[in-house]
Amino acid sequence: MSDYKNVTFAEIEVGASASAHRALTQTEIEALVLVSGDIEPFQLEDPGTTSTQLLSVDAVGVSAVISGMLERRLPGPGTRIVSMQLEYAGQVTVGEELSASVTARAKHADSGYVEFDCDARVGDRRVLWGRAVVEAPRRRIAYSDIATPEIILRRNDVFARLLLDCEPLEPVTCAVAHPCDRDSLLGALEAARRNLIVPVLVGPPARIRAVAETNGADISGFRIVATEHSHASAAAAAALARAGEVEMLMKGSLHTDEILGEIVSSHSGLRTERRVSHVFVMDVPAYDRVLLVTDAAINIEPTLAEKADIVRNAIDLAHVLGIAMPKVAILSAVETVNPNIGSTLDAAALCKMADRGQIQGGILDGPLAFDNAISEHAARTKSIKSPVAGRADILMVPNIESGNMLAKQLQYFAGVVLGARVPVVLTSRADNVRMRIGSAAVAKLLAHARRKPGWRSPQ
């Protein structure tokens with residue numbers, strides 16, 4: 001346990017200094033980048049690899065070390081950094097020893113400010129120098145780092161990668177069904193601003209314009225298809241898709257059943273031979289790959305045949321997201337087949353269907369419990385030998401209850417409906433604008449994939 005005690009303004013002497021020396025690890029390098037905010041997450045990829053790994057950090061990231069020394073060592077707890085004027089040169093790479101110091105050079109009794117000279121070096125190479133001004137604490141403060149939480153770094157930023165993949169593609173026409181509240185309208189407009197979609201706003205014009213005016217949004221350049229109420233909005237949006245006027249649908253401020261009812265209706269022309277299902281694209285910072293969860297939003301207690309379609313839909317999406325041979329974990333409460341637990345029997349049957357070519361394009365294994373599906377350590381502990389265990393790309397859940405709780409614990413950022421003739425962005429009315437943008441990005445990639453001659457869409 002380390003105790004951190006401050007040095008008050010009255011106790012600080014000009015010339016007093018604090019220093020630190022350590023070889024930086026991979027984790028510390030990444031932490032410096034994230035704290036400094038110097039680069040975007042999707043720029044961390046190490047060229048020539050498929051994993052996200054940062055091997056060095058610009059010296060601007062080292063300023064986080066200086067800030068930490070001022071706030072934790074000298075003056076320490078209670079310090080407020082007023083300004084920093086720092087110069088930078090070179091990079092610090094994994095394994096290099098960084099030496100950093102702060103030295104008090106002047107005190108100002110009227111303000112309580114203390115000026116510090118700052119310096120950081122790797123060997124004889126200077127990577128940072130300059131001056132910081134802080135407001136030093138006037139009273140004694142001490143705390144222990146015993147409760148300091150473990151740092152969990154973002155090993156993967158699927159959201160940023162999706163936006164990067166979408167950049168070279170033209171925006172896709174999208175019917176936004178009933179965008180009559182702030183988030184559904186602004187989410188669509190932000191997706192348009194990012195060139196993800198060309199929105200067609202379907203709903204009561206007066207209500208849509210009122211929401212836009214209240215939130216300072218300009219919708220003058222977008223087409224509005226007038227309807228009287230939410231159910232009519234869902235029907236009109238589906239009709240636009242059926243006529244080929246739009247390539248995707250986006251749910252606005254209407255109930256999920258309203259838009260899904262139009263999609264699965266035998267009269268809508270949007271149904272295919274596939275069971276319609278939903279996939280959550282997860283935002284799991286510590287997981288080193290895209291993670292999909294299905295079906296946690298539409299099918300309540302799917303049959304074996306319906307589960308097979310749910311898996312097929314998810315595999316198709318994984319291919320669009322760049323996963324050539326996705327690993328599919330069929331989840332249950334246990335990792336052994338138990339005749340008393342129906343989901344374990346379904347898992348075994350789905351795996352055999354994959355062995356016989358009835359489900360193609362992915363590697364299936366199950367039943368698997370959640371921990372050994374995503375943790376190689378858990379899989380090894382239970383002596384599970386599997387190409388999927390610990391490395392799953394897709395989690396197939398037994399039913400909507402378990403799936404919905406799982407998805408919302410892990411935190412999703414995108415949701416899309418598959419199995420219809422167009423992708424459907426099925427966000428919750430509680431979802432924020434970022435989630436709507438992520439969902440639009442997934443649907444855009446799907447829409448472009450469907451344009452390609454080799455795309456095999458269910459009929």
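The model is a predicted one, in which local features need pLDDT of at least 70, side-chain atom pairs count only at pLDDT 80 or more, and totals for chains, interfaces and linings use all residues. Residues are numbered from 1 along each chain as its sequence is written, and side-chain values use heavy atoms, with hydrogens and water left out.

Helices (H or I, at least four residues) and strands (E, at least two) are DSSP runs numbered from the N terminus. H6 has 13 residues and reaches 18 Å from its first C-alpha to its last, close to the expected 18 Å; the expected span is 1.5 Å times one less than the number of residues. Buried means under 20% relative accessible area, exposed over 50%, and partly exposed in between (1.4 Å probe, protein chains only). By that scale, the buried residues of H6 are Ser230, Ser233, Ala234, Ala236, Ala237, Ala238, Leu240 and Ala241. Their cover includes strands S10 (172-177), S11 (197-203), S12 (223-226) and S13 (248-251), together with helix H7 (256-264).

Histidine 231 is also found in H6, but it counts as partly exposed because its relative accessibility is 41%. Leaving aside neighbours within four places in sequence, histidine 231 is in contact (heavy atoms within 4.5 Å) with Glu258 and Glu262. Histidine 231 and glutamate 262 are 31 residues apart in sequence, while their C-alpha atoms are 8.9 Å apart in space.

The next topic is the nonpolar core, a set of buried Ala, Val, Leu, Ile, Met, Phe, Trp, Tyr and Cys residues joined through side-chain atoms within 4.5 Å. In the largest one, with 65 residues, Leu196, Ile197, Leu292, Leu317, Ile359 and Leu364 touch the most other members. Helix H13 (residues 433-451) gives the most to this core, with 10 residues. In soluble globular proteins, nonpolar side chains tend to be buried together. Beyond four places in sequence, the contacts of leucine 364 are Val311, Ile315, Val328, Ile330, Leu350, Cys351, Ala354, Ile359 and Val388. Cysteine 351 counts as buried because its relative accessibility is 11%, and cysteine 166 is buried at 2%. The count of disulfides (pairs of cysteine sulfur atoms within 2.5 Å) comes to zero.

Two peptide bonds are cis. The bond from leucine 74 to proline 75 has omega near 0°, and proline 75 lies in the loop between helix H2 (63-72) and strand S4 (80-88). The bond from glycine 366 to proline 367 has omega near 5°; proline 367 is placed in strand S17 (residues 363-368).

Positive phi also occurs in residues other than glycine. Histidine 178, with phi near 65°, lies in the loop between S10 and helix H4 (182-193) and counts as buried because its relative accessibility is 3%. Serine 383, with phi near 55°, lies in the loop between helix H11 (376-381) and strand S18 (394-396); it counts as exposed because its relative accessibility is 60%.

Finally, a charge sits over a ring if NZ of Lys or CZ of Arg is within 6 Å of the ring centre and within 35 degrees of the ring normal. The charged end of lysine 107 sits over the ring of phenylalanine 9, 4.6 Å from its centre, and the charged end of arginine 138 sits over that ring at 4.7 Å.
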